[in-house]
Amino acid sequence: MTHVIYPTTNFKDIEQINLARGEGVYVYDNQGNRYIEGMAGLWCTALGYGNPELIEAATRQMEQLSFCHLFGGKTHEVAIELADSLAAMLPMDDARIFFGNSGSDANDTQIKLIRYYMNAIGKPEKKKIIARDRSYHGVSIAAASLTGLPVMQNHFDLPVDVLGVLRADSPHYYRDAEPGESEQDFVDRLADNLEQLIQREDPETIAAFIAEPVTGASGVIVPPPGYYEKIQAVLKKYDIMFWSDEVICGFGRLGTDFGANAMGIEKPDLMSMAKQLSSAYLPISAAAIKGEMHEAMYEQSAASGVFGHGYTYSGHPVACAVALKTLEIYRRDQVFDNAAARGRHLQARLSEFREHPLVGEIRGIGLIAAAELVADKQTGQAFADGRVGARMQLECQNAGLILRAVAGNSLAFCPPLIITDAQIDDMIERFATALDKTLEFAQAENLLSGRSDVA
Ligand SMILES: Cc1ncc(COP(=O)(O)O)c(C=O)c1O
């Protein structure tokens, strides 16, 4: 019996691994076994574990000013400095930043900022948000309504209708292309579908389109070249804002400052960030909007007496101090360049598995990737359930590697950005062992529907 209600867990299958400590890219369980943390926790521990500078930054800030809120006229230097540093990095016009504690609350905040803004500029009808199928934007009531994964909505009576969430196509060429369709034709079809959706719904009712530049929880989907260019052209035509959910892609994950930079997204109007903002040493998120949105809200907030939204821990000084130090280390040690170089090595090594009988697709960019396991390599037919992915995750664990099965049977890689080529090679070796064992399992259980001996 446990008193913990575990998040995103099968309540009948809990407590499989109990971690006791971490160091660099490694974590150790309470039996002393060592694992390479191939998922950087939950796509977040960019600088690995036990970084002494981050520990010192937190300690110093706790000693100096352990708490200060930002409500009603109060402020502190670290929040101001962090917002300034972020604004200077973001590929946006004059970014203004609202701090929170998680990616979910950053996305909630964005919806509220959009609503507040549209009311302020006299466009109260323009509030619907377009989100994509199989996207992940978090789990609060509003963020889970944006999320396009049924498991995050079923049994919770979501999405909430009043939010007016519309669905666009997921940009996954391998899964969703029509027979014989080229990548270019696929992108054109998705852009056409988006335009039809906008016209059907009435562009005057749609505020924004939200996208993860590269998805994480839905299986690390990297859209084909030209996708964002086409999508942004459609959105511009109808005066619909582009909202980049950078909770995973932000801060070097794709080898660039932000996912938007790597994926050819031009000047997002809104950006949501969390996770690697503090390398996950403390919870902190940032919802950034372009300056003109913020300016447009001044009168309305003055008339109401207050902009009625804020968390106790918005701009928590200790979290801000850790985030500031994290950004300083990213810059000083050229961590994003390291991620780009190590990313090329990871992608090259992973491509060696393309011929493996269990692997349908290898995909990724920078230091994020996935290997999708399929029942039939020739046709790409998926497994009927997630048993093979779950088994592969367990076999990786047995081999001393932590990976995560996402979207059923895709094994996600997202190691700390400080990983070395030698550590990547070690990870690949462990992955290869686990993959062969999982193939034996799938064969023994008769789960393969194609010929597993042909690549
Ligand atoms: C793209 C994206 N947005 C939002 C979230 C939600 O963040 P959190 O779990 O911190 O609420 C996540 C979490 O993985 C994410 O991947």
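Buried means under 20% relative accessible area, exposed means over 50%, and partly exposed is anything in between (1.4 Å probe, protein chains only). Everything below comes from a predicted model, where local features need pLDDT of at least 70, side-chain atom pairs count only at pLDDT 80 or more, and totals for chains, interfaces and linings use all residues. Residues are numbered from 1 along each chain as its sequence is written, and side-chain values use heavy atoms, with hydrogens and water left out.

View 1. Arg-430 pairs with Asp-426, with the closest N and O atoms 2.8 Å apart; a salt bridge here is a side-chain nitrogen of Lys or Arg within 4 Å of a carboxyl oxygen of Asp or Glu. Both residues sit in helix H14 (residues 421-444), four residues apart, which is about one turn of the helix. Helices (H or I, at least four residues) and strands (E, at least two) are DSSP runs, numbered from the N terminus. With a relative accessible area of 23%, Arg-430 is partly exposed.

**View 2. Salt bridges between separate parts of the chain.** Arg-332 and Glu-53 meet through their side chains in a salt bridge of 2.8 Å, N to O. This one links distant parts of the chain, as Arg-332 is in helix H11 and Glu-53 in helix H2 (residues 52-64), 279 residues apart. Arg-332 is partly exposed at 42% relative accessibility, and Glu-53 is partly exposed at 25%. Next up is the salt bridge between Asp-269 and Lys-290, whose closest N and O atoms are 3.0 Å apart. Asp-269 lies in the loop between helix H9 (259-262) and strand E9 (270-273), and Lys-290 in the loop between strand E10 (285-289) and helix H10 (291-304), so this pair ties together parts that are 21 residues apart in sequence. Asp-269 and Lys-290 are both buried.

**View 3. The nonpolar cores.** A nonpolar core is a set of buried Ala, Val, Leu, Ile, Met, Phe, Trp, Tyr and Cys residues joined through side-chain atoms within 4.5 Å. The largest has 72 residues, and Phe-251 and Phe-431 touch the most other members. Helix H11 (residues 317-332) gives the most to this core, with ten residues. Apart from it lies another core of 36 residues, including Met-39 and Ile-130.

**View 4. Around the ligand.** An oxygen atom of the ligand is 2.6 Å from an N or O atom in the side chain of Ser-104. For the side chain of Lys-275, the distance from an N or O atom to a ligand oxygen is 2.9 Å. A backbone N or O atom of Gly-103 also lies 2.9 Å from an oxygen atom of the ligand. On its own the ligand has 380 Å² of accessible area (Shrake-Rupley method, 1.4 Å probe), and the protein covers 84% of that.

View 5. Most residues other than glycine have a negative phi, and most peptide bonds are trans. Phe-251 has a positive phi, near 65 degrees, and its place is in the loop between E8 and H9. Phe-251 is buried, with a relative accessible area of 0%. Leu-158 and Pro-159 are joined by a cis peptide bond, with omega about 5 degrees. Pro-159 lies in the loop between helix H5 (141-146) and strand E6 (165-168).

Definitions and conventions:
A polar contact is a pair of N or O atoms within 3.5 Å; within protein, one must be able to donate a hydrogen and the other to accept it, and residues adjacent in sequence count only if both atoms are side-chain atoms.
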